[in-house]
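Please open the model in your viewer and keep the selection panel at hand.

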Amino acid sequence: MRLGVLDVGSNTVHLLVVDAHPGACPLPAHSHKAELRLAQLLDDDGAIGPHGVDRLVSVIKEALQAAEDKGVEEVLPFATSAVRDARNADDVLERVRAETGVELQVLTGSEEARLTFLAARRWFGWSAGKLLVLDIGGGSLEVAYGIDEEPDAAASLPLGAGRLTAGWLPGDPPEPDDVRALRRHVRTEIARTVGEFSRLGTPDHVVATSKTFKQLARIAGAARSAEGLYVQRELKRESLEGWVPRLAAMTEQERAELPGVSEGRAGQLLAGALVAEAAMDLFGVERVEICPWALREGVILRRLDHMESL
């Protein structure tokens with residue numbers, strides 16, 4: 001069947017259309033996305049303002065039309081931290097339902113981490129052994145660890161690249177004191193969770209998902225996306241540590257000119273790099289392998305597993 005997964009994230013609203021059936025690898029058929037940056041549209045009270053809600057409704061309608069045009073049989077709609085953390089989340093969800101017919105499933109942080117872990121496990125297989133998965137989104141950082149398809153530990157922290165940029169790095173380029181303050185904040189938050197994972201032992205394989213990690217790997221020398229999904233890509237902590245001060249000294253426009261960095265993501269790349277560097281350091285990770293699959297694929301795989309069990 002042709003499935004569509006509608007991901008209302010902190011940075012983008014992304015419709016991914018795949019051809020899928022139980023027991024087979026989902027094959028991408030179409031991608032439709034719009035940058036919304038919900039994580040940066042929260043007002044001082046933590047609510048998504050009227051303009052943001054209007055834009056969200058409009059973008060979802062466009063995605064539904066794209067799904068119809070591509071012959072999608074079922075759309076799996078979900079929302080992540082930007083909607084989850086909004087003070088007016090219930091009102092936003094009701095407006096979306098009333099005007100589009102879409103009932104967004106708001107995933108908890110733990111569910112995000114677990115579904116992303118499932119996608120990484122299926123991609124790398126059982127030979128990866130004990131797997132540690134890191135995922136930096138626009139609103140949150142997810143960490144999951146385990147040897148099965150369901151992780152033994154999963155955590156979600158409010159350390160998304162978009163959220164941190166909006167709240168901590170107003171300058172362009174940012175002030176050195178702001179960068180240092182954010183670095184301290186990020187490391188303090190991550191350090192609180194390390195013990196929960198370290199007691200489970202050393203992972204056999206560490207992987208990273210998300211646009212942030214992909215772009216950091218690309219500027220550090222990884223293969224271009226045009227070279228295909230199956231090319232191994234990695235990010236070494238040593239390389240990342242060299243890039244952080246360089247990114248901190250750049251303007252947003254200068255970052256946008258780096259290989260693989262999109263204009264829409266350039267502004268939050270430094271915050272993402274600080275989170276990635278801190279996570280790799282505090283978890284004792286020298287290198288991560290980039291996983292092409294993440295949360296959207298996890299949602300699809302879970303739906304296919306449910307179909308197979310019926």
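Select the charged side chains: the protein chain has 35 positive and 48 negative ones, where Lys and Arg count as positive and Asp and Glu as negative, with His and the chain ends not counted. The centres of the two sets lie 3 Å apart, each charge being placed at NZ of Lys, CZ of Arg, CG of Asp or CD of Glu.

This is a predicted model, in which local features need pLDDT of at least 70, side-chain atom pairs count only at pLDDT 80 or more, and totals for chains, interfaces and linings use all residues. Residues are numbered from 1 along each chain as its sequence is written, and side-chain values use heavy atoms, leaving out hydrogens and water.

Next, colour the chain by secondary structure. The protein chain contains 12 helices and 11 strands; these are DSSP runs, helices (H or I) of at least four residues and strands (E) of at least two, numbered from the N terminus. Along the principal axes, the C-alpha atoms fill a box of roughly 50 × 45 × 35 Å. Of the 310 residues, 52% count as buried (under 20% relative accessible area, with a 1.4 Å probe and protein chains only).

Now select residues 269–282, which form helix α11. Why is α11 largely enclosed by the rest of the structure? The reason is that 12 of its 14 residues are buried, among them Leu 269, Gly 272, Glu 277 and Met 280.

Finally, select Gly 284, which follows α11 and has a positive phi, near 70 degrees.

Definitions and conventions
Buried < 20%, exposed > 50% of the residue type's maximum accessible area, 1.4 Å probe, protein only. Expected span 1.5 Å × (residues − 1).
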